Amino acid sequence: YIYFLLQSHERVEGTDGIFKHKMNDVNWKTYQVALDGLYMAQPFLMELARAVDDVTLSTSAFQYYTGAKPSSDEIYREVIGQMTWIGDNLYVPETHLYSHGWGPDAGLSGQYWLRAVGWYAAALADVIGMLPDEYEEGRSELVEIEERLFDGMMEYQDDATGMWYNVVNYGPELRGSVSGNELET
């Protein structure tokens, strides 16, 4: 059923089929792609593809909703495509960080949110770990993206605590939120 819902979920124009972070939400019209949004579907799709490969799910499990069993190869390729699109398009070479959002009309958001980076890193790790051996080229691309992510983050690590500020490229001087810019793991 969740796979069926994802097939009808809106995709962001100008991407490799990335799911909109929030459909029909006026607050998300500018930046429809959110870095942390990758964790919301891609690991599930990888688990689904593995279940199809392992025949844990029979063809009849999909007939009620989709009419046919999905192709695990198509799912693996779709996930690799979405993850690498994000890796290629939300990375900002000047800061060595991944932007929190992107929109077809607005481009990059210019904000670097630690939690979003963490969810993207977790999604990358999950996807890399679940890719079958025959997708070595895709795995290598994703490993390069994850290495670039961690290398960039190390530049912003707080020396005293070993942690990072929630808005990664600012320290405690950031103002404008209720709690300020807090350190997190």
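The following legends describe close-up views of a predicted model.

**View 1. Packing of helix α4 against helix α5 in the predicted model.**
Helix α4 spans residues 72-89 and helix α5 spans residues 114-130. Their axes come within 11 Å and cross at roughly 145°, and the crossing is left-handed. On the α4 side, the contact is made by Y76, V79, M83, I86 and G87; α5 contributes Y120, A123, L124, V127 and M130. Nine of the contact residues are nonpolar and one is polar, while none is charged.

**View 2. The salt bridge between K20 and E10.**
Five salt bridges are found in a search of the whole structure, and the pair shown here is formed by K20 and E10. Their closest N and O atoms are 2.8 Å apart. Both K20 and E10 are placed in the loop between α1 (2-8) and β1 (33-34), and the two residues are ten residues apart. The pair thus links distant parts of the chain. E10 counts as partly exposed, with a relative accessibility of 28%.

**View 3. The salt bridge between R77 and D73 in helix α4.**
R77 pairs with D73 in a salt bridge whose closest N and O atoms lie 3.0 Å apart. Both residues belong to helix α4, where they are four residues apart, about one turn of the helix. R77 is exposed because its relative accessible area, 53%, is over the 50% cut-off. D73 has a relative accessible area of 29% and is therefore classed as partly exposed, lying between the 20% and 50% limits.

**View 4. The salt bridge between E136 and R139 in helix α6.**
The side chains of E136 and R139 meet in a salt bridge, with an N to O distance of 2.9 Å. Both residues lie in helix α6, which comprises residues 136-154. E136 and R139 are three residues apart, about one turn of the helix. Side chains of opposite charge can pair when their charged atoms come close. The two partners fall into separate accessibility classes: E136 counts as partly exposed at 41% relative accessibility, whereas R139 is buried at 14%. R139 is assigned to the buried class because its relative accessible area is under 20%.

Technical notes:
Residues are numbered from 1 along each chain as its sequence is written. This is a predicted model: local features need pLDDT of at least 70, side-chain atom pairs count only at pLDDT 80 or more; totals for chains, interfaces and linings use all residues. Side-chain values use heavy atoms; hydrogens and water are left out. Axes are lines fitted to C-alpha atoms, for helices over the stretch in contact, and angles run from 0 to 180 degrees between N-to-C directions. A crossing is left-handed if the near helix is turned anticlockwise from the far one by less than a right angle, and right-handed if clockwise. Contact means heavy atoms within 4.5 Å. Ala, Val, Leu, Ile, Met, Phe, Trp, Tyr, Cys and Pro count as nonpolar, Asp, Glu, Lys and Arg as charged, and the others, Gly among them, as polar. A salt bridge is a side-chain nitrogen of Lys or Arg within 4 Å of a carboxyl oxygen of Asp or Glu. Buried means under 20% relative accessible area, exposed over 50%, partly exposed in between (1.4 Å probe, protein chains only).
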